[in-house]
Amino acid sequence: MVIVDVDEVVALFMQGFARFVARRGYEMRIERFALFQNIFRPGESASIDLATGRSLFDDFFRTEGEDMEPAPGAAEALAALSETAQVVILTNAPEHGRTGRARWLARHGMDYPLVINSGPKGPAVAALQRLTERPAAFVDDLLPNLDSAAIHAPAVRRFQIVADERLRPFAPAEPDRHAWHDDWGTLRQALERSILSSE
């Protein structure tokens, strides 16, 4: 089983979200590995407050959450992996974005079972692992989610990728614990080796 996140893993979320906030009169400046702390009112040096950020986030998924490009090579890699493994999408998108997210995945050739999660992903990864007797792997962009999986599902092999090249240098990572990959070409190969070598 291959358990895969969406935003900044198979989808270029930050690019789509930047277009959305620009239409709302804000601008995104990639200055750190964060979401709301990268959003500013034009001409201001302080980022927007948390409440404004959450409101924009919710509205994006409610109205324009399908305005994203797929990460290069992601759909092709998952299609190849799906020939020998069950692919499952595990996302922390809000529940009201489920239908749009499912449409987006299907439109871009990633129509796999979709699980909506809230909070750290370790418990959900563990629950999914219990559904199979075969090896499992988990791919996410966020170190806390990978750490959570290490605690709750230590047998699941963990991989980190950040699709947006602008965001990638700021991402906290621990490659000795969670294998880091810059692109889906090398990640696909690593996942194939991980799954096949563990059978």
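Student: Which residues have the most contacts inside the largest nonpolar core?

Tutor: They are Val4, Val10, Phe17, Leu78, Trp184 and Leu191, and the core has 53 residues. Helix 1, residues 13–23, gives the most to this core, with six residues. Keep in mind that this is a predicted model.

Student: What makes a set of residues a nonpolar core?

Tutor: Its members are buried residues of kinds such as Val, Leu, Phe and Trp, joined through side-chain atoms within 4.5 Å. In soluble globular proteins, nonpolar side chains tend to be buried together.

Student: What is Phe17 in contact with, leaving aside its neighbours within four places in sequence?

Tutor: Phe17 is in contact with Met28, Leu35, Ile39, Leu56, Phe57 and Phe60. There is also a second, separate core of 14 residues, which includes Ile3, Val88, Leu128 and Val156.

Student: Why is Asp7 called buried?

Tutor: The relative accessible area of Asp7 is 14%. Buried means under 20%, so Asp7 counts as buried. Asp7 lies in the loop between strand 1 (2–4) and helix 1.

Student: How do you know that the side chains of Asp7 and Arg101 make a polar contact?

Tutor: The contact that joins them is 2.7 Å. The cut-off for a pair of N or O atoms is within 3.5 Å, so the pair of Asp7 and Arg101 qualifies. Leaving aside neighbours within four places in sequence, Asp7 is in contact with Phe13, Phe61, Met68, Thr91, Arg101 and Asp141.

Student: What about Glu8: buried or exposed?

Tutor: Glu8 has a relative accessible area of 2%. With the limit for buried at under 20%, Glu8 is therefore buried. Glu8 is placed in the loop between strand 1 and helix 1, and it has a positive phi of about 65° although it is not a glycine.

Student: Why does Glu95 count as partly exposed?

Tutor: Glu95 has 48% relative accessibility. Buried is under 20% and exposed is over 50%, so Glu95 falls in between and counts as partly exposed. You'll find Glu95 in the loop between strand 4 (87–91) and helix 4 (98–107). Its side chain makes a polar contact of 2.7 Å with the side chain of Arg98. The C-alpha atoms of Glu95 and Ile116 are separated by 6.7 Å, with the two residues 21 apart along the chain.

Student: And what makes Met68 a buried residue?

Tutor: Met68 has a relative accessible area of 3%. Under 20% is the test, so Met68 is buried. Met68 sits in the loop between helix 2 and helix 3 (74–81). Not counting residues up to four places away in sequence, Met68 touches several residues, including Asp7, Phe13, Phe60, Arg101 and Trp104. The C-alpha atoms of Met68 and Asp111, 43 residues apart along the chain, are separated by 16 Å.

Student: Why is Asn145 called buried?

Tutor: Asn145 has a relative accessible area of 6%, and buried means under 20%, so Asn145 is buried. Asn145 is found in helix 6.

Student: Which side chain does the side chain of Asn145 make a polar contact with?

Tutor: That is the side chain of Asp140, at 3.4 Å. A polar atom of the Asn145 side chain also lies 3.4 Å from the backbone nitrogen of Lys121.

Student: Which residues of helix 6 are buried, and what covers them?

Tutor: In helix 6 (residues 143–152), the buried ones are Leu143, Asn145, Leu146, Ser148, Ala149 and Ala150. Their cover includes helix 5 (122–129), strand 6 (137–140) and strand 7 (157–160). For helix 5, the buried residues are Gly122, Ala124, Val125, Ala126 and Leu128.

Student: How much space lies in the largest pocket?

Tutor: About 590 Å³. Of the 22 residues that line this pocket, Phe13, Leu35, Phe57, Asp141 and Leu142 are the closest to its centre. Helix 2 supplies the largest share of the lining, three residues.

Student: How many residues of that lining are nonpolar, polar and charged?

Tutor: The lining divides into eleven nonpolar, four polar and seven charged residues.

Terms used:
Residues are numbered from 1 along each chain as its sequence is written. This is a predicted model: local features need pLDDT of at least 70, side-chain atom pairs count only at pLDDT 80 or more; totals for chains, interfaces and linings use all residues. Side-chain values use heavy atoms; hydrogens and water are left out. Helices (H or I, at least four residues) and strands (E, at least two) are DSSP runs, numbered from the N terminus. Buried means under 20% relative accessible area, exposed over 50%, partly exposed in between (1.4 Å probe, protein chains only). A polar contact is a pair of N or O atoms within 3.5 Å; within protein, one must be able to donate a hydrogen and the other to accept it, and residues adjacent in sequence count only if both atoms are side-chain atoms. Contact means heavy atoms within 4.5 Å. On a 1 Å grid over the protein atoms alone, a cavity is a set of points where a 1.4 Å probe fits but cannot get out, and a pocket is an open set with protein on both sides within 12 Å along at least five of seven lines; lining residues have an atom within 4 Å of a point. Grid points are joined across faces, edges and corners, and a volume is the space filled by probe spheres set on the points. Ala, Val, Leu, Ile, Met, Phe, Trp, Tyr, Cys and Pro count as nonpolar, Asp, Glu, Lys and Arg as charged, and the others, Gly among them, as polar.
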